[in-house]
Amino acid sequence: MGEERVKARALENRPGWIASINPWVLKIKNNPERVAFVLHRVTGVLMALIIMAHIFVTGTPARVGWEAWVEEISKAHGITAVTLYFFFFAGIAWFHGLNGIRLILTEFFGVCIGKPEKPKPPYLAPSLKACQRRLLYLVFALWAVLWVLTGYIVFG
Amino acid sequence: MTFDPKAATKEPPKKVVFRVKRYNPETGKTWWDEYEVETYRGMTVLDALLKIKEELDHTLVLRYSCRMGVCGSCGMIINGMPRLACQTQVAEVASEARPVVTVEPLKNHPVVRDLLTDFTAFFDKHRSVKPYTIRKNKEELETGDMEFLMTPEEHSELYEYTLCIACGLCYSACPVAASDERFLGPQALTYVWRYVADPRDEAWQERLEAVDTEEGPFSCHFAASCSAVCPKMVDPAAAIQRLRSALIKYRMGLYKKKKIARKAEPPKEFKERKPLPPEAKLVEGADLEALEKEPPEIPVDSLLS
């Protein structure tokens, strides 16, 4: 036994947290739910960060005085850092809230996921053609419309 | 996973380049190899990989068995999507515009070598959910001559979940399993729901309580990739949502199994067999009873000469 045998080892093959931010780590067809899953996670983390910042911002009148606060806020017209902040916050909150309603229906009440059926061509799983899919498209559509409307109110 | 029924009738490009991800466990190196394969109509990716192994590179390692989508051994990532190599036509994944097919080992499973993955942890999770019928009276299962009554409606509630072949594609596609190795995964959780929904099983409370953990259905976030890649249309995503919903109701005291199947009684009387009507006979005008009494002689010698 001259040479020491190299120990064989299995390769850990998990994408890890990348799978939570990249829906295309696998190229799965007919799976917009995965895009919604990633968006829901990303918007959830961003909302947690924004809410922490919001707590800091709403404490401002206590530090600088109410008049100074109102004066500063009244300047927020057009495209400024404050209006952009509110615009992006609204976009994040709209998606997380709308998709959250869909997830409450499917995950907690177990509705909108179709009925079990016997396999038949084109072999598409019932949950992928059930009303949760139409709800998901509705979430994307409403998200776009409400975000545009929010932009009109914030920047208008 | 949707299948194109006409895929096998399509002509694939005459020559297709297979980009295969390789791994050597002794050196710890990972690399890509390219092989040009001459194809034919009806060739599957598994056929192509076996042709590579036979003619181009004997060192390529992969696992396969039945070649007909039954055993679930040849799961791999083909062009970025988890698929069974034996069920994937080359014509489906390669085109004249892009005659290239990439093949990788399944994700979320440790790679032993090249395309061969280790399913030990996957099957440990499968075993941990007790994937078999449990009755309070064990004799009912041990004697083997019992039959439990079940309506067609009850059967249709769980039939699609019984089709699982444990190929591991759903586990490979799951983004939660990708970041949390303790997660039971779509396959094991589908089995839990399959037995909770099965009227023949009596351990539904124990099953629900066993999966009411962080590794259970509450870790699922309905990315539905498991259902999108399942080659048997098992729909694990829906099974997990049903299981979670039942678990919430159970913890609130609102869930109770609808019915436990009772044992079928032996028939009290046997009816006499009715003779077949003339239209049910195999050959028009043939008298089966007369043929049974006097079987016709088959002229074997004259047929062979």
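In this predicted model, B:Tyr250 is in contact with B:Trp204, B:Gln205, B:Leu208, B:Glu209 and B:Tyr255, leaving aside its neighbours within four places in sequence. The place of B:Tyr250 is in helix α11 of chain B, which covers residues 236-251. B:Tyr250 has a relative accessibility of 15%, so it counts as buried; the cut-off for buried is under 20%. B:Arg207 stands 43 residues away from B:Tyr250 along the chain, and the C-alpha atoms of the two are separated by 11 Å.

Helix α11 of chain B also takes part in a link between the chains. B:Arg244 forms a salt bridge with A:Glu107, and the closest N and O atoms are 3.7 Å apart. This pair crosses from helix α11 of chain B, which holds B:Arg244, to helix α5 of chain A, which holds A:Glu107. B:Arg244 is buried, because its relative accessible area is 1%. A:Glu107 has 6% relative accessibility and therefore counts as buried.

Over all chains, the structure holds 22 of them. One joins B:Arg22 and B:Asp57, with the closest N and O atoms 2.9 Å apart. This pair links distant parts of the chain, 35 residues apart. B:Arg22 lies in strand β1 (residues 15-24) of chain B, while B:Asp57 lies in the loop between α1 and β3 (75-78) of chain B. B:Arg22 has a relative accessible area of 4%, so it is buried. B:Asp57 is buried as well, because its relative accessible area is 13%.

B:Glu36, B:Glu38, B:Glu54 and B:Glu55 form a negative surface patch. Two elements of chain B, β2 (29-38) and α1 (45-56), each supply at least two residues of this negative patch. B:Glu54 is found in helix α1 of chain B. The relative accessibility of B:Glu54 is 57%, so this residue counts as exposed. The cut-off for exposed is over 50%.

A:Ile104 counts as partly exposed, because its relative accessibility is 44%.

In chain A, A:His40 has its place in helix α2, which covers residues 32-58. Residues up to four places away in sequence are not counted here. With that limit, A:His40 touches A:Phe95, A:His96, A:Asn99, A:Gly100 and A:Leu103. The relative accessibility of A:His40 is 17%, so A:His40 counts as buried.

Most residues other than glycine have a negative phi, and most peptide bonds are trans. A cis peptide bond, with omega of about 5°, joins A:Pro121 and A:Pro122. A:Pro122 is found in the loop between α5 and α6 (126-129) of chain A. A:Tyr123 is also placed in the loop between α5 and α6 of chain A. A:Tyr123 is not a glycine, yet its phi is positive, at about 55°. With a relative accessible area of 32%, A:Tyr123 is therefore partly exposed.

The phi of B:Ala166, a residue other than glycine, is near 55°. B:Ala166 has its place in the loop between α5 (152-158) and α6 (169-173) of chain B. B:Ala166 counts as buried, because its relative accessibility is 15%.

How values were computed: Residues numbered from 1 in each chain as written. Chains lettered and ligands numbered in written order. Predicted model: local features only at pLDDT ≥ 70, side-chain atom pairs only at ≥ 80, totals over all residues. Heavy atoms only, no water. Helix = DSSP H or I, 4+ residues; strand = E, 2+ residues; numbered from the N terminus. Buried < 20%, exposed > 50% of the residue type's maximum accessible area, 1.4 Å probe, protein only. Contact = heavy atoms within 4.5 Å. Patch = residues over 30% accessible without salt bridge, like charges linked within 9 Å, V, L, I, M, F, W, Y side chains within 5 Å. Areas by Shrake-Rupley, 256 points an atom, 1.4 Å probe, with all protein chains shown as cover. Salt bridge = Lys/Arg side-chain N within 4 Å of Asp/Glu carboxyl O. Lys, Arg positive; Asp, Glu negative; His and termini not counted. Charge placed at Lys NZ, Arg CZ, Asp CG, Glu CD.
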